[in-house]
Amino acid sequence: MARVSFQLNGKPHQAEYQPGTTLLRYLRDEMQLTGTKEGCSRGECGSCTVLIDGKTRKACIVGMKSLAGVSVETIESVNGDGLLLHPLVAGFSRAGAVQCGFCTPGMIMAAKALLAENPDPSPDRIKAALAENYCRCTGYARIIRAVQDAAADLRGGCPPAGQPERELPGRGIYGTDVLGAEIPEDDFAERACGKTLFTDDIYRADQLVARPYLAPHPHAVIEDIDLTEALRVPGVAAILTARDVPGPNRFGRFVKDRPILADGKVRFDGEPVAVILAENRRAADEALKLIRVGFRPLPVISSVEEALAEGAPLVHEWGAVVARAVNRAGDAEEAFSRSEIVRVGTYRVPFQAHGFLEPEAAFAEPDGEGGVIICSPTQLPTHVQNVVSENLCLPKEKVRVKSMPVGGAFGGKNDVMLEAFVALGALKTGRPVKMTLNRRESQRFGTKAHGATIEIKVGATGDGKLTGLKAAMTLDSGAYAAVSPLLVQHSTMLAAGPYAWTAYDIEVKAVSTNNVIGSAFRGFGSERFNFALESQIELIARELSIDPFDFRLQNLVQRGTRLASGQVMGGSVPVARTLIKAREILAGTDLPQPGPGKRIGVGIACAHKSVAFGLGFEEWAEVNIEPASDGTLRVTASVVDIGQGIRSGMAQIISAVTGIRPELIRVSHADTAVVGGAIGVAQRQTYIAGNAVRETARLFLGRIRTFLAGEFGLTPDGIEILGDRIVYRREGEEQPLLEFAALPALARRRGEDLRLTHRYQGPATTAPWVEVDVKGPSLRWRAEDSGVVERPRPAYSGDGTDEIPPVWLGLTYYFQVAVVEVDERTGKVRPLKIIAVQDAGRAINPDRIRANAEGGCVMGAGMALAEEVQMHGGRVLSDTFRKMKMPSALEAPEVEVQIIEDPDPYGPFGAKGLAEGSLVATIPAVVNAVCNATGGRIRELPASPDRVLKSLKGLIE
């Protein structure tokens, strides 16, 4: 052991450490100072930012031996004694600059160093100071405002160590008035201070560290595995392989084609073959080097074209195409024959990474009764429970999955990740097990947005009326099916956009390759089709010399229009209002004048996105409500907190029903031992869980009224909760009964149990008529192993009065305007501004809606201009954030968000879910802006400088 002395958070500290230990590992593993996060282990993301002698350093690349005599400050030092909020913590909380919160402590440390050097920094100076601190959720604008706010506080004389806590927005509002209030999450300050525990922040005294052995080949037969030398490493407790999985060793959302641990063959570079369980990371890493696996390499299928070539080797025995869907209505070719203009284009989109800052992680421990408790940042706790139960041969009730705070997801934590490994390890050793991937492992192992090629043909009349649409999208599904079977079906129904067509012919297929696994991503397939569709529509509008706004406006769906899903639109369809508002905002915007050698481009795009699953799937959620002795209402709901503001939204809905003040309502993450049906995908949480919360709150209020009516001899209807007190109202007079905080004690004395668990069953939906052909074992929607499923066309009347359940309960609509600057010499594009108009149904919490939209717009701009996961020979080349080219604060445009309200008949108080569509509309809006500046049509993402230069030089049509 080596020793070093330094100052740690203002106190003398002597550290003992193993040679080679980094400061990050020492802080986390030895000191349990978990506010310093591990996001990349390469000094790129900034999540582990600390101050050394007042200067920002990345703890993941600072060796312990370099710390002699220095002063080290971590996020734990920022809030002093914890009783006062530091100006930066307060500023981030007030500005809503905290979403998932994983990156926030590192941001605050970087900002602290800046303000010590420059007490009044400009926005550009703040961006430069934070350029090496990534955030995927916020879009950076709120972070800049938060730093400015903190700087003003510090200049105003607040003590550097802290300031009195300010009242946050929305406090004191309750009842129906709370709907539409901008209430922050109740733990913003906790997240900003690094006190919120993410999965990797869990430490138990006797826990084991799990590390994966990932296959170094994209396609190979496993001929033998020799663990002899690895097991001899001191500290290694066990090594898991496929033979240790007691169940079928297979899982999948729709096709059970993927092994927990590879058995006999690996199909992608990074597939798990073994898992080491050791006393510490050092022993696990040493053992990893000593595992010997005999691989016999097989031909690598590295592209869709190779997979579909005649005689090509198969990734899976059932064929190259894992799923195919076709959606047709009318005669598209006949519609083209009646069109004055028909344009055909081929568009390409690469694999793209979700870019969440928190890498995949999982923790498990035995429950002492033969079962296991899993903590995970999963978006699908119930799915994890099912997979672990089946593969570990345990009853479902023996597998408890607790949803942890999620450090970003965007669909990337939609599949089973590491949960089965740690659960198996915990049961095998009888000890807690934790496993966290590093960034390079995450990039190889984790799912991505599918690579895609879209061939599209669009027709229109001379006066700008859309006629026929023919589109075919081929998705690179990678090594396993994941969600591809559902995504191909879903995509065919969103491919037509929010437009009315005479006829359409849409086909989507997913093809197996030896690339990374394509799975769920923000937009769920619509973002790929929408890029192609909005590009073609812009092209045709320009060729017809019709204003692009007017062209879209005359073709938008409205009530009574039949969508490509087959349902006739009713309820909330404010898509035209989003366009009109966007045009109005643009008209009042002063566009910048181009400087020398620069061009300014403006582009627009429309999008829609389904809400909840629909498609005939059962939609349900559960909620548990219990008044606590501390005066709060404890709520566990079928929700997953991915930083989107779901808990504050649920609290507002409960407050609107019961009258309880929202800051007294504590909404917890999903826990399968308490509630079922937790699903954090498909824009469904506000929609489905919100309705569940609303119904449960109504039943809970009724239980309170009945109990107190008997206690006080009153009629139940007159009993009301007003914030934090309960009163009886009759004929205009108000009689105080008791404080809400006194309710639990009174109930206990009377032997009354006020706890309530309720299951909400969502409205029925109709399976669409889309033909679906899926290959592979154990399909969810049919018993056969392969073949075509043809669903009968529902007998819609077409007049909007159908009694047949809809295919989707609702849709959200988006309209974006993008303003960009193009450098004629370099081809570099700088996104300047995005105007984002969002259909919210009813805005429960407008501030959280805007925050989500801002992040989605910056994410979309990054995907449009720079981001991609490059593959070569089945191997991931983009294995770091920098190689992914994710935007930093320097690349983020200004985002202006406008919310349109048009209450939805199914949503709670008319609200819709809307986390995804801002990205879907932004990508084509940005590319259209670039194309309008250059005069060419870029058909392949990203619109990188080399492609922009070709467009400027007329080398692209």
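## Interface of domains 1 and 3

Domain 1 and domain 3 bury about 1,300 Å² between them, 50% of it on carbon and sulfur atoms; buried area is the accessible area (1.4 Å probe) that two parts lose on being put together, summed over both. Of the area that domain 1 buries against domain 3, 42% is supplied by Y174, E185 and D186, more than by any other three residues. The model is predicted: local features need pLDDT of at least 70 and side-chain atom pairs pLDDT 80 or more, while totals for chains, interfaces and linings use all residues. Residues are numbered from 1 along each chain as its sequence is written, and side-chain values use heavy atoms, with hydrogens and water left out.

In this interface, 17 residues of domain 1 are in contact with 19 residues of domain 3, contact meaning heavy atoms within 4.5 Å. The C-alpha centres of the two domains lie 35 Å apart.

## Domain division

The chain is divided into domain 1 (1-190), domain 2 (552-611 + 808-952) and domain 3 (620-761). These bounds come from an automatic or database domain assignment.

## Salt bridges

A salt bridge is a side-chain nitrogen of Lys or Arg within 4 Å of a carboxyl oxygen of Asp or Glu. By this rule the structure has 71 salt bridges, and the count between domain 1 and domain 3 is 3. R647 forms a salt bridge with D186, with the closest N and O atoms 3.2 Å apart.

Another salt bridge joins the side chains of R136 and E867 (2.8 Å, N to O). R136 lies in the loop between α4 (123-129) and α5 (141-155) and E867 in the loop between α21 (846-865) and β35 (871-872), so this pair ties together parts 731 residues apart in sequence. Helices (H or I, at least four residues) and strands (E, at least two) are DSSP runs, numbered from the N terminus.

## Aromatic pairs

The whole structure holds 6 aromatic pairs. Rings of Phe, Tyr and Trp (its six-membered ring) pair if their centres lie within 6.5 Å; planes under 30 degrees apart count as stacked, over 60 as edge-to-face and the rest as tilted. The ring centres of F102 and F198 are 5.2 Å apart and their planes stand at 80°, so the pair is edge-to-face.

## Backbone features

Y140, in the loop between α4 and α5, has a positive phi of about 75° although it is not a glycine. L941 and P942 are joined by a cis peptide bond with omega about -5°.
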